[in-house]
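The following note was prepared for a colleague who wished to have the main features of the structure set out point by point.

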2 protein chains.
Amino acid sequence: MLPQRRQKILAAIVEQYIETGEPVGSKALQSIAGLDVSSATIRNEMAELTAQGFITQPHTSAGRVPTQAGYRYYVDNLMKPAELEENERRRIESGLDYRSGDPEQLLQAAGETLVDFTNFAAISTTPSDEHAFIKNIEMVPVSPKMAMIVLLTSTGILKSKACRTDVPITADLQDAFSDIVRKNFFGTPLSDVNTVMIQTLVASLGAKALSMSPLLVTISDLVEAASVSEVNLSGQSNLLGYKEYNDNAGQLLDFLHKEEPLGMLVSGSGDSDSDIEIRIGSENRYKELENSSMIISKYKIGDNATGAIGIIGPTRMNYSKLVPSIKYLTDIISKFLSDVYEEESSSGEEDS
Amino acid sequence: MLPQRRQKILAAIVEQYIETGEPVGSKALQSIAGLDVSSATIRNEMAELTAQGFITQPHTSAGRVPTQAGYRYYVDNLMKPAELEENERRRIESGLDYRSGDPEQLLQAAGETLVDFTNFAAISTTPSDEHAFIKNIEMVPVSPKMAMIVLLTSTGILKSKACRTDVPITADLQDAFSDIVRKNFFGTPLSDVNTVMIQTLVASLGAKALSMSPLLVTISDLVEAASVSEVNLSGQSNLLGYKEYNDNAGQLLDFLHKEEPLGMLVSGSGDSDSDIEIRIGSENRYKELENSSMIISKYKIGDNATGAIGIIGPTRMNYSKLVPSIKYLTDIISKFLSDVYEEESSSGEEDS
DNA sequence: ATTAGCACTCGGGACTAATGAGTGCTAAAA
DNA sequence: TTTTAGCACTCATTAGTCCCGAGTGCTAAT
């Protein structure tokens with residue numbers, strides 16, 4: 001634990017640097033930190049902080065800049081989360097519009113809101129619920145040998161896909177299909193639908209197997225698509241403006257562009273004790289992010305489904321202001337989604 | 001019309017500049033242009049070309065660079081579209097995968113292909129067909145007071161939206177709904193569905209009006225969504241690499257980010273005599289694009305539906321190579337989509 | 001009409017000098 | 001023992017200067 005005064009100085013350095021982006025020197029600190037000591041004393045403390053690895057100087061004759069460890073210490077011990085102002089609250093709320101009832105849209109909107117609000121890039125995932133089950137499957141004929149299959153899950157995710165069949169689609173076929181679907185899929189957890197399950201089912205169909213097979217494979221595809229939580233990134237171009245990325249912003253954008261690691265980004269470390277996670281610089285496991293920080297917050301729907309939303313920006317970001325904003329946004333999302341979830345859960349299995 | 005030799009020189013300048021990005025001088029041209037004249041003669045011609053506004057020099061002691069007018073003249077009169085090599089063909093083809101039957105996906109894939117192939121940004125629109133009509137509308141109950149409405153158009157576009165109802169959804173309601181839908185919407189051109197039409201319909205329902213209203217409004221929304229051709233942009237981050245955008249790439253990306261003008265970009269000038277359109281620098285109506293060129297190609301499905309696909313990049317792009325590539329890609333798209341269209345058109349109105 | 005020759009221009013790189021913010025250290029003061 | 005004043009030192013940054021060389025435009029000869 002750092003001595004009181006040194007903490008104060010570190011906090012002042014971090015906050016000042018976050019605000020101005022310039023290395024901060026001992027003189028400047030004198031007035032900012034509210035300490036009644038001379039700049040020389042502060043310099044001594046700063047030398048200590050430097051030795052301990054919390055701050056560093058870009059070059060000999062410059063002020064100090066927080067290191068990653070410095071940010072970490074600040075975030076863990078010194079930072080006082082700011083109170084959200086009323087107009088900020090409103091701003092966050094007004095960005096979210098949840099009439100549509102579609103979780104994917106809500107998360108998208110939440111991302112956009114964060115982008116507007118923070119001027120960073122935002123990342124969000126649609127809820128993934130290991131206990132989600134199939135609510136409904138519909139087949140909509142499109143042409144003699146083509147149909148749309150529509151899948152709806154208990155979490156409100158809707159997926160659809162076109163499917164070409166080998167044989168013409170007749171009324172009989174449709175009836176048979178909805179029969180099979182009703183018996184085998186309704187209420188089935190998404191995780192239970194896999195290739196083996198589909199093949200076993202096809203095998204059991206006997207004569208109908210040939211005509212049904214493509215349709216069932218399509219169902220499998222849809223379930224797959226619905227299981228994977230979608231990762232959404234927006235506001236990347238905001239990052240271009242920050243001088244810390246300067247010339248190699250392209251690299252970062254390219255990295256963010258290929259979706260694969262994004263899921264990893266938010267899934268992150270398993271310590272679910274805290275609902276908000278701050279990752280600074282190389283704490284992100286990717287070297288492309290070594291100059292970036294993420295603030296990731298998990299939302300919950302009921303007890304099972306979870307997802308995450310957060311931001312990506314330069315390590316020099318206003319943590320104390322951003323954390324409460326993201327927390328607030330997450331709360332709203334959780335509430336919205338839980339409402340719908342409740343509604344749906346209570347609906348039972350009524351059919352027409 | 002420029003004299004033969006001057007044309008040759010202009011072409012050489014444009015091509016050389018496109019290749020190297022460096023201003024090209026008289027000496028260099030001597031060997032490139034294949035002219036057996038001295039550099040002094042070439043200088044005289046260059047002076048003429050400069051006077052005519054086709055080329056310019058960045059500073060007094062530098063070589064020449066094509067002006068916008070220079071590119072234009074080159075593109076209109078001098079450029080010989082390159083033959084596509086076999087492996088380039090394959091590369092384009094392999095990027096497109098049209099098993100899914102979903103036009104939106106195909107266009108998306110086409111965009112990605114262009115991005116990979118050209119290293120520029122790609123833009124594409126989904127087909128818009130003024131004669132498109134409603135093929136099917138389904139209602140899928142989700143919870144007591146909530147349903148998914150799914151719309152399918154004759155062009156294969158599928159849209160869905162959640163809808164909250166004021167009264168619980170009963171089997172009766174569902175039957176009534178599909179009855180109304182069948183009678184009033186099936187086969188209706190998208191353009192015929194509008195607020196007035198919906199209101200008239202609601203008014204005619206009498207007692208059922210209250211329960212149906214939200215559902216019908218949702219249909220209206222869906223039709224709206226299906227009518228508007230979606231604009232897709234990808235590969236923006238590629239543009240960061242080009243030094244012509246240097247420091248203000250952010251501006252361009254921001255511009256491309258807000259979707260609104262994108263539709264305008266591709267809809268463009270009405271001269272439909274040529275299926276491929278090249279817009280150089282300020283020929284694009286937006287000042288953010290004054291250093292960019294677009295190559296836009298229109299695809300057709302049957303006789304009605306059209307859309308566009310193209311690229312955006314710095315004016316210094318290899319027009320003679322890109323034009324045939326994009327043309328080829330467009331041909332493939334047209335073919336793919338037309339195939340499905342035929343299939344669907346021939347399907348008639350069979351119902352289950 | 002073409003060409004050789006030449007003076008001229010000017011961006012960019014290399015080098016130098018001056019500036020000044022900020023430091024670390026030392027020795028005196030509290 | 002802690003704090004402070006003072007001072008020499010470092011080094012990024014900026015401005016100034018010089019020089020090089022690619023490329024030009026012009027003129028006079030072919």
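1. The structure is a predicted model. The distances and angles quoted here should be read with that in mind.

2. Surroundings of DNA strand C. DNA strand C is surrounded by 21 residues, and the closest are S26(A), R64(A), S38(B), T41(B) and T60(B). By class, the residues of this surface comprise four nonpolar, twelve polar and five charged. On the DNA side, sugar or phosphate supplies 78% of the atoms of DNA strand C within 4 Å of the protein, and bases supply the rest.

3. Helices facing DNA strand C. The largest share, four residues, is that of helix 3 of chain B.

4. A base is reached by R43(A): an N or O atom of its side chain is 3.2 Å from a base nitrogen of DNA strand C.

5. Surroundings of DNA strand D. Around DNA strand D there are 21 residues, of which S38(A), T41(A), T60(A), S61(A) and S26(B) come nearest. Of the atoms of DNA strand D that come within 4 Å of the protein, 77% belong to sugar and phosphate. The surface near DNA strand D divides into four nonpolar, twelve polar and five charged residues. Helix 3 of chain A and helix 3 of chain B each supply at least two residues of this surface, and helix 3 of chain A gives the most, with four residues.

6. Polar contacts with DNA strand D. Both protein chains take part. In chain A, a backbone N or O atom of S38(A) lies 2.8 Å from a phosphate oxygen of DNA strand D, while a polar side-chain atom of S61(A) is 3.2 Å from a base oxygen. In chain B, the side chain of S26(B) has an N or O atom 2.7 Å from a phosphate oxygen of DNA strand D.

7. The sheet of chain A. In chain A, three strands form an open, antiparallel sheet in the order 4-5-6. Strand 4 (134–143) and strand 6 (158–164) of chain A each have a single partner strand and stand at the edges, so one side of each is left without a neighbour in the sheet. On average, and with direction ignored, neighbouring strands of this sheet are turned by 20 degrees against each other.

8. Pairing and packing in chain A. Seven bridges link strand 5 (residues 146–153) of chain A to strand 6 of chain A in the antiparallel sense; in this pairing M146(A) stands opposite R164(A). Helix 9 (residues 209–227) of chain A packs on the sheet and touches strand 4, strand 5 and strand 6 of chain A. The direction of helix 9 makes about 150 degrees with that of strand 6 of chain A.

9. Strand 5 of chain B and its partners. Strand 4 (residues 134–143) of chain B pairs with strand 5 of chain B in the antiparallel sense over eight bridges, and the two form a hairpin with two residues between them. On the other pairing, seven bridges join strand 5 of chain B to strand 6 (residues 158–164) of chain B, again antiparallel. That hairpin has four residues between its strands, and G156(B) in the turn has a positive phi of about 90 degrees. L152(B) figures in both pairings: it is the bridge partner of N136(B) and stands opposite L158(B) in strand 6 of chain B.

10. Burial of strand 5 of chain B. Is this strand enclosed or open? Eight of the eight residues of strand 5 (residues 146–153) of chain B are buried, so the strand is largely enclosed by the rest of the structure. M146(B), M148(B), V150(B) and L152(B) point one way, A147(B), I149(B), L151(B) and T153(B) the other, and all are buried.

11. Q7(B). Q7(B) belongs to helix 1 (residues 4–20) of chain B. Its relative accessible area is 12%; because buried means under 20%, Q7(B) is classed as buried. Leaving aside residues up to four places away in sequence, Q7(B) touches M1(B), L2(B), Y73(B) and L78(B).

Terms used:
Residues numbered from 1 in each chain as written. Chains lettered and ligands numbered in written order. Predicted model: local features only at pLDDT ≥ 70, side-chain atom pairs only at ≥ 80, totals over all residues. Heavy atoms only, no water. Buried < 20%, exposed > 50% of the residue type's maximum accessible area, 1.4 Å probe, protein only. Pairing = 2+ DSSP bridges. Near = heavy atom within 4 Å. Polar contact = N/O pair within 3.5 Å; in protein donor to acceptor, adjacent residues only side chain to side chain. Nonpolar A, V, L, I, M, F, W, Y, C, P; charged D, E, K, R; others polar. Axes fitted to C-alpha atoms, helices over the stretch in contact; angles between N-to-C directions. Contact = heavy atoms within 4.5 Å.
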